[in-house]
Amino acid sequence: MSSPPRVLLVDDEARTLDLLARALTREGFEIELAASARAATSALKRFKFEAVVTDVFFEGSSDGDEILRAARELQPDAAVVLMTGQPALEGAVQAIKGGAYDYLQKPVDPVLLSAKLQRALRERNLDRQGLGFGELVEILSGMVANTIERIDPYTAGHGERTRRYCDMLAERCGVDAATRQKLELAAIAHDYGKVFLDDLGFLTKAGPLTPAEYLAVQRHPTLGAEKLGHHTRLKEVCQWIAEHHERWDGTGYPARKRGKEISLPGRVLGVVEVFDSLATKRSYKDAWGLQKVLDFFETQREQAFDPDVLDQFLPLLAANGEAWMARPQFDRSQRGATKPLDPTVP
Ligand SMILES: [Fe+2]
């Protein structure tokens, strides 16, 4: 059974403290008492509280403000309810602006206070059950991958595989877990910009592109970065998408970045997505064998690819390449587009 929610009750009037403490204890709360701002701050430093209920005025001084600030700083998840004998709307507005959950006039009805606390805890629990960034990446990844595969069925699974290999390679390159999580989304969405090209027909045509078609397709990294959205948490994701066709020697597109002007996640993505493109059948080519792929990467060392990233990728390829290439075209509908990938399964 979970422990009762702990509430810090602060007032310099012993009668009020006693009345409210008894009522809230009956309602299932565990109560800690404090009679001053100093005692309240000390308790906030020692114990974890789900809520703080505090008087605003202590013998003429507005110590409640100080307690509110301390609670916001020390325990930002705790709901703070202020109590005052001064019926001033202005004070209520200030309290809410200062981060208080609610504001009650004295004398406080214990039943009303208990109801407010219960509601605050319910709302906070709902907040905690909200979608995390990882879950949003899963959902968005499935949507974006389905959209890309709709216009270019030859790339079915390319995003998912790129995502998995990218995560493994990025980890070997020392990229931290939070950045790798964002990189998963960039890996899935790197070709998203193709959806917005004026002519989609040549994406699935057999044979090489004409110069005009090649120029048109070069717009897709920038288009993808623009169209994925402008949320602040997607800023790096968009940058890596924009970089996925840049080359180490500066001859890539669209910005002709060279060397470490291209971010590390962008360089990782560039290596991995080329590998998967070579290893699988496309409208314009058959799947390459592992040795041909390995030879290609060697010839492109310091041309297309960062040699340090290649040094991390080639052992990964030597260990997993045969298995990856034996069954690279998995069926998204069977696997489930939004299931998390298991990096231990090649
Ligand atoms: Fe691309």
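Q: In what order do the five strands of the open sheet stand?
A: The model is predicted, so that local features need pLDDT of at least 70 and side-chain atom pairs count only at pLDDT 80 or more, while totals for chains, interfaces and linings use all residues. Residues are numbered from 1 along each chain as its sequence is written. Helices (H or I, at least four residues) and strands (E, at least two) are DSSP runs numbered from the N terminus, and two strands pair if DSSP finds at least two bridges between them. In this open sheet the pairing is parallel, and the order of the strands is E2-E1-E3-E4-E5.

Q: Which strands stand at the edges of the sheet?
A: An edge strand here has a single partner strand, so one side of it is left without a neighbour in the sheet. This applies to E2 (30-34) and E5 (102-105).

Q: Which residue in E4 stands opposite aspartate 55?
A: Strand E3 (residues 51-55) and strand E4 (residues 79-84) pair in the parallel sense, over five bridges. In E4, the residue opposite aspartate 55 is methionine 83.

Q: What angle does the direction of helix H1 make with that of E2?
A: Helix H1 (residues 14-26) packs on the sheet, where it touches strand E1 (6-10) as well as E2, contact being counted when C-beta atoms, placed from the backbone, lie within 7 Å. Angles run from 0 to 180 degrees between N-to-C directions, with axes fitted to C-alpha atoms, for helices over the stretch in contact. The direction of H1 makes with that of E2 an angle of about 165°.

Q: How many of the five residues of E1 are buried?
A: E1 runs parallel to E2, joined to it by five bridges, and helix H3 (residues 63-74) lies across E1, E3 and E4. A residue is buried if 20 or more other C-beta atoms lie within 10 Å of its own, exposed if 12 or fewer, and partly exposed in between, with C-beta atoms placed from the backbone. E1 is mostly covered, and of its five residues the number buried is four.

Q: Is proline 208 buried or exposed?
A: Proline 208 is found in the loop between helix H8 (177-189) and helix H9 (211-217). Because it has 10 other C-beta atoms within 10 Å, proline 208 is exposed.

Q: How far apart are the C-alpha atoms of proline 208 and lysine 285?
A: Along the chain, proline 208 and lysine 285 are 77 residues apart. Their C-alpha atoms are separated by 9.0 Å.

Notes: Contact = placed C-beta atoms within 7 Å.
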